Amino acid sequence: MRFLRWLKHIGSRRLSIGFIVICFIVLMIYLFASGEAAQLPHAFSWPRSLWLLLGAGSMVAGWFFEGWVLYEMGRGLEHPIPYKAAVRSTMVVQFFNNITPSSSGGQPMQIWSLWRDGVPVGRASSVLLGKFAVYQAALVTCGML
């Protein structure tokens with residue numbers, strides 16, 4: 001019960017940072033326990049570093065483009081989605097899709113993130129559903145071509 005009272009008073013930013021630190025610690029424990037930690041310097045050697053940087057840059061660019069799409073789709077609403085909130089919500093969906101089974105936690109957390117930024121839940125849900133429909137239509141078109 002004391003833990004729950006402490007958790008109630010901690011800020012969401014501190015809670016998020018703590019969660020990320022715990023995930024990093026668990027990853028490091030796994031790497032050292034499985035014997036994979038010795039391969040970390042080799043993984044960051046020069047030929048692969050370029051590809052790692054290119055991959056990280058592509059991921060960041062994807063966040064900003066997806067945020068722009070979300071921003072544009074929500075622009076005509078009564079409560080438009082701020083660009084900063086749209087980009088943050090794409091990072092939220094990326095994180096929670098990776099830590100939940102079957103990538104099931106990303107979209108609910110994205111709606112929650114947009115709600116925290118002042119977008120009503122119904123509006124956020126409809127924008128995300130519209131974005132999903134556009135994405136599926138693009139996949140079908142590319143598949144047919």
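A: K84 lies in helix α5, which spans residues 83-99; helices here are DSSP runs of H or I with at least four residues, and strands are runs of E with at least two, numbered from the N terminus. The model is predicted, so local features need pLDDT of at least 70 and side-chain atom pairs count only at pLDDT 80 or more, whereas totals for chains, interfaces and linings use all residues. Residues are numbered from 1 along each chain as its sequence is written, and side-chain values use heavy atoms, with hydrogens and water left out.

K84 counts as exposed because its relative accessibility is 63%; exposed means over 50% relative accessible area, buried under 20%, and partly exposed in between, with a 1.4 Å probe and protein chains only. Between K84 and D117 the C-alpha to C-alpha distance is 9.4 Å, at a sequence separation of 33 residues.

K131, in helix α7 (residues 121-144), counts as buried because its relative accessibility is 16%. Leaving aside residues up to four places away in sequence, K131 touches E66, V69, L70, M73 and Q110, where contact means heavy atoms within 4.5 Å.

L70 also belongs to the largest nonpolar core, whose 8 residues are L70, I81, A86, L114, V119, A124, V127 and L128. Helix α7 supplies the largest share of this core, 3 residues. Such a core is a set of buried Ala, Val, Leu, Ile, Met, Phe, Trp, Tyr and Cys residues joined through side-chain atoms within 4.5 Å. With residues up to four places away in sequence not counted, V127 touches L70, M73, G74, L77 and I81.
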